[in-house]
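This report covers charged side-chain pairs and nonpolar cores. Please look over the sequence and structure before reading on.

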Amino acid sequence: MPAPPLLVGRTALIVVDIQRSSDQPYETTGISHMAGAAERIARVERLLGAAREVGLPVVFFQEVHRRSGVDFGRELDGAEGVHCLDGDVTTELWPTLRPLADDGREFHIVKRRYSGFIGTEFEIVLRGLGVRTLILVGGLTDVCVHYTFADAHQRDFHVRVVEDCVGGSSEPAHAAALNAMEYLQTGARRRCDEVLAAIREQHSELAEVAS
């Protein structure tokens with residue numbers, strides 16, 4: 001099946017759990033991260049700048065768990081240790097990747113589960129904005145990004161994962177998750193530079209139509 005256009009209709013940038021723990025070791029955060037966080041974050045900053053420049057909606061997800069552990073559910077049954085506790089410095093959003101003052105285009109959503117759709121207002125926000133395409137960046141590729149992608153796919157959104165702007169719990173897990181997402185939507189896997197170009201091209205086309 002041929003790949004569809006990179007962006008279909010109104011687009012939103014979805015920043016998944018880029019928190020202060022993103023470049024920290026398992027011993028500090030309870031979650032393993034593959035190397036290269038600084039480079040990935042720098043590319044996400046470029047995407048965020050472009051999104052703001054053209055007025056795209058941006059959603060910043062933050063995984064947070066109550067210190068009592070009441071909302072962990074089954075999350076600690078696997079490889080992950082206790083993580084993202086409310087009040088911990090490592091749980092805070094990355095300093096350069098936080099929403100601006102609420103102007104109806106940037107949203108901060110706290111989630112208790114891997115998928116951004118579970119127990120949040122995410123879908124209500126997307127439908128209200130008329131969004132059709134989601135651009136996913138952040139982490140972990142094999143966990144929160146993957147499950148948010150799958151849930152978006154099943155809700156009939158077009159989803160693109162920026163493969164050099166996401167990081168997994170390991171290189172093999174990262175690669176497997178990217179392949180699984182591409183299996184669901186042909187052309188889902190994209191790179192930062194081509195997404196930047198597509199954002200600017202779509203904005204130029206819309207500006208021409210408006211004029």
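## Salt bridges

The model is predicted, and the count of salt bridges in it comes to 16. One of them joins the side chains of arginine 46 and aspartate 193, at 3.2 Å from N to O. Because arginine 46 lies in helix H2 (residues 37-54) and aspartate 193 in helix H6 (residues 192-210), this pair ties together parts that are 147 residues apart in sequence. Arginine 46 is partly exposed, with a relative accessible area of 44%.

Aspartate 164 pairs with arginine 191, their closest N and O atoms being 3.5 Å apart. The aspartate is in strand S5 and the arginine in the loop between strand S6 (189-190) and H6, so parts 27 residues apart in sequence are tied together. Aspartate 164 is buried, at 11% relative accessible area, whereas arginine 191 is partly exposed, at 42%.

## A further pair and a network

Glutamate 194 and arginine 190 also form a salt bridge (3.5 Å, N to O). Here glutamate 194 is partly exposed at 34% relative accessibility, and arginine 190 is buried at 12%. Shared partners link Arg43, Glu163, Asp164, Arg189 and Arg191 into one salt-bridge network.

## Nonpolar cores

The largest nonpolar core has 31 residues, of which Ile14, Phe122, Leu126 and Leu134 touch the most other members. Among the elements that each supply at least two residues are strand S1 (10-16), helix H3 (122-129) and strand S4 (131-139). H4 gives the most, with five residues.

Beyond its neighbours within four places in sequence, leucine 126 is in contact with Ala12, Phe117, Val131, Leu134 and Phe157. A second, separate core of 27 residues includes Val44, Ala50, Ala198 and Ile199.

Key:
Residues are numbered from 1 along each chain as its sequence is written. This is a predicted model: local features need pLDDT of at least 70, side-chain atom pairs count only at pLDDT 80 or more; totals for chains, interfaces and linings use all residues. Side-chain values use heavy atoms; hydrogens and water are left out. A nonpolar core is a set of buried Ala, Val, Leu, Ile, Met, Phe, Trp, Tyr and Cys residues joined through side-chain atoms within 4.5 Å. Buried means under 20% relative accessible area, exposed over 50%, partly exposed in between (1.4 Å probe, protein chains only). Helices (H or I, at least four residues) and strands (E, at least two) are DSSP runs, numbered from the N terminus. Contact means heavy atoms within 4.5 Å. A salt bridge is a side-chain nitrogen of Lys or Arg within 4 Å of a carboxyl oxygen of Asp or Glu.
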